[in-house]
Amino acid sequence: MASRLNPYFNFPGNAREAVEFYRSVFGGDLTMSTFGEFGTEDPALADKIMHAMLETPNGYTLMASDTAPGMEHMPGNNVAVSVSGDDADDLRGYWTKLSDGGTVMIPLAKQMWGDEFGMCVDRFGIGWMVNIIQPQG
C-alpha cells in the first residue's frame with residue numbers, strides 16, 4: 001500500500017451526523033468506530049466517534065472524529081492532514097521532519113488499535129497525523 005494523504009476533520013460531538021452528511025453528498029463506504037469500542041469508561045463518550053473514514057467512488061477519502069478527551073475543539077483549527085500507510089520507514093521520516101521545530105501532541109508510538117500513530121503541529125501551525133499501519137498476521 002502506498003502512503004495516503006487526506007484531510008482529517010474534528011467535531012465537537014457531531015462527527016457521526018457530519019460524516020453521514022458527507023456520505024450523502026459524495027457517496028461511498030463509511031466506517032466508524034466509537035470510543036466505547038476501544039474501552040472508554042466514560043458513558044458520555046461511549047457512542048462518540050473515535051475514528052470515521054469515508055472512501056468515495058471518485059477516490060476521495062475523508063476522515064473524522066469527535067474531539068478526544070483532554071483536547072479542545074477550536075473552530076478554524078479543527079482540520080488536520082493525515083498521512084497513513086504501511087511504509088514505516090517513509091512515514092517515520094515524514095514524522096521526524098514534520099515534528100522538528102513543531103509541537104508534538106501525541107508521540108509516534110503503538111496505539112490501542114495496533115498501529116503506530118502520532119499527532120503534531122508543524123512549525124507553521126499545520127496539524128499532522130501520521131499512522132503506520134501494522135502488518136496483519
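This short talk covers the sheet, the helices and the salt bridges of the structure shown above.

Before I start, please keep in mind that this is a predicted model, in which local features need pLDDT of at least 70 and side-chain atom pairs count only at pLDDT 80 or more, while totals for chains, interfaces and linings use all residues. Residues are numbered from 1 along each chain as its sequence is written, and side-chain values use heavy atoms, with hydrogens and water left out.

Let me begin with the sheet, which is open, has eight strands in the order 2-3-4-1-5-8-7-6, and shows mixed pairing. Strands here are DSSP runs of E with at least two residues, helices are runs of H or I with at least four, and both are numbered from the N terminus; two strands pair if DSSP finds at least two bridges between them. At the edges sit strand 2 (29-34) and strand 6 (103-110), each of which pairs on one side only, and from one strand to the next the twist averages 20°. As a reminder, strands of a sheet pair through backbone hydrogen bonds, either parallel or antiparallel. Strand 7 and strand 8 (residues 127-132) run antiparallel and are joined by six bridges, with G118 standing opposite V130 of strand 8.

Now to the helices, where contact means heavy atoms within 4.5 Å, and where angles, from 0 to 180 degrees, are taken between N-to-C directions of lines fitted to C-alpha atoms, for helices over the stretch in contact. Helix 1 (residues 15-26) packs on the sheet by touching strands 1, 2, 3 and 4, and its direction makes about 175° with that of strand 2. Helix 2 lies across strands 5, 6, 7 and 8, and runs at about 155° to strand 8.

How many salt bridges are there? Taking a salt bridge as a side-chain nitrogen of Lys or Arg within 4 Å of a carboxyl oxygen of Asp or Glu, the count is two. In one of them R4 meets E55, with the closest N and O atoms 2.9 Å apart; R4 lies in strand 1 (residues 4-11) and E55 in strand 3 (residues 49-55), so this pair ties together parts that are 51 residues apart in sequence. The side chains of E116 and R92 also form a salt bridge, at 2.4 Å from N to O, and this pair links strand 7 (residues 116-121) with helix 2 (residues 88-99), 24 residues apart.

Finally, is E116 buried or exposed? With buried meaning under 20% relative accessible area, exposed over 50% and partly exposed in between (1.4 Å probe, protein chains only), E116 is buried at 15%, whereas R92 is partly exposed at 33%.
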